[in-house]
Amino acid sequence: MSVAEYCCPQCKGDLAAGQEDYHCETCGRTYPIVLGIPDFRVFPDPYIDIVEDRRKAERIFERAAASDFSTLVDYYWSITPDTPSEMARRFSAQAVNAVERGRHLLNVHSTVKAKLEEPDARVLDLGTRTGGLLMAAAEHGRKTIGIDIAFRWLIIARKRLEEAGQSARLVCC
C-alpha cells in the first residue's frame, strides 16, 4: 500500500512524516502517531476527550493480543459503564454483523458496484467504527482507508482486519 499524502487539518499545509508524528511545515503543528495510527484530530469526539480516548484505546490495544474481535467488542462495552447493558448487547451484535452490512452497501448501488470493478478503485470509509465496510471492500481487493474521530474504534477495526488477514490504512481525524 502506498503512503497516503496528508495535509495539516488546521492550515492545509504539507505534512512531513516522522517516526512518531507528522509535522506541518507551514504552521509548525505536530500530530502524533499513536499505536501506529496517525491522530490528526483538532477537536475531540463528542463522547470522550482526546486524552481519555487514547487511554481507552491503549487498554483495548493491550487486550487485543489475547482476544478475538467479538471478545474485544464486548470488552469495549465492559469498560464503557455509562451504556446500559441491553444497549451494549445490541451495539455488540451490530458490530459483529457490520461486514454483512458493508457488503450490502457496496453491492446495492450499481454505480458503486461498477466503481469497485475498476482496477485502481479505492474505498474511503468515513466513520469506520469497527471496520465492517473496510472488510467488505478489502474482500474485493480494494485499497481502503478508514477514518474515525474515535481512536478507540480504530483499534477494534484493526483487530477485525488482522483476524481476516486484511489491511487498511487507519487514520484518526
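## Salt bridges within helices

Glu52 has a relative accessibility of 35%, so Glu52 counts as partly exposed. The model is a predicted one. Glu52 forms a salt bridge with Arg55, and the closest N and O atoms are 2.4 Å apart. Both residues lie in helix α1. They sit three residues apart, about one turn of the helix. What is the relative accessible area of Arg55? The value is 46%, so Arg55 is partly exposed.

A second pair sits in helix α4, residues 98–108. Glu100 forms a salt bridge with Arg103. Here the closest N and O atoms are 2.9 Å apart. Glu100 and Arg103 are three residues apart in the helix, so about one helical turn separates them. Arg103 has a relative accessibility of 31%, and therefore counts as partly exposed.

How many salt bridges does the count give? The count comes to 10.

Asp39 and Arg54 form a salt bridge, with the closest N and O atoms 2.9 Å apart. This pair links distant parts of the chain. Asp39 is in the loop between β4 and α1, while Arg54 is in helix α1. The two are 15 residues apart. Is Asp39 buried or exposed? Asp39 has a relative accessible area of 2%, so this residue is buried. Arg54 has 23%, so Arg54 is partly exposed. The cut-off for buried is under 20%.

## Asp45 in its loop

Where is Asp45 found? This residue lies in the loop between β4 (37–38) and α1 (50–64). The relative accessible area of Asp45 is 5%, so Asp45 is buried.

The side chain of Asp45 reaches two partners. One is the backbone nitrogen of Tyr47, at 2.7 Å. The other is the side chain of Arg152, through a polar contact of 3.0 Å. Which residues does Asp45 contact, leaving aside neighbours within four places in sequence? They are Ile149, Ala150 and Arg152.

## An open parallel sheet

Three strands form an open sheet. Their order is β5-β6-β7, and the pairing is parallel. Which strands are at the edges? They are β5 (122–126) and β7 (169–172), each pairing on one side only. From one strand to the next, the twist averages 15°.

Strand β6 covers residues 143–148. Strands β6 and β7 pair in the parallel sense over four bridges. Gly146 stands opposite Leu170 in β7.

## Helices on the sheet

Helix α6, residues 132–139, packs on the sheet. Which strands does helix α6 touch? The helix touches β5, β6 and β7. The direction of α6 makes about 175° with that of β6.

Helix α7, residues 151–163, also packs on the sheet. This helix touches β6 and β7. The direction of α7 makes about 170° with that of β7.

Methods
Residues are numbered from 1 along each chain as its sequence is written. This is a predicted model: local features need pLDDT of at least 70, side-chain atom pairs count only at pLDDT 80 or more; totals for chains, interfaces and linings use all residues. Side-chain values use heavy atoms; hydrogens and water are left out. Buried means under 20% relative accessible area, exposed over 50%, partly exposed in between (1.4 Å probe, protein chains only). A polar contact is a pair of N or O atoms within 3.5 Å; within protein, one must be able to donate a hydrogen and the other to accept it, and residues adjacent in sequence count only if both atoms are side-chain atoms. Contact means heavy atoms within 4.5 Å. Two strands pair if DSSP finds at least two bridges between them. Axes are lines fitted to C-alpha atoms, for helices over the stretch in contact, and angles run from 0 to 180 degrees between N-to-C directions. A salt bridge is a side-chain nitrogen of Lys or Arg within 4 Å of a carboxyl oxygen of Asp or Glu.
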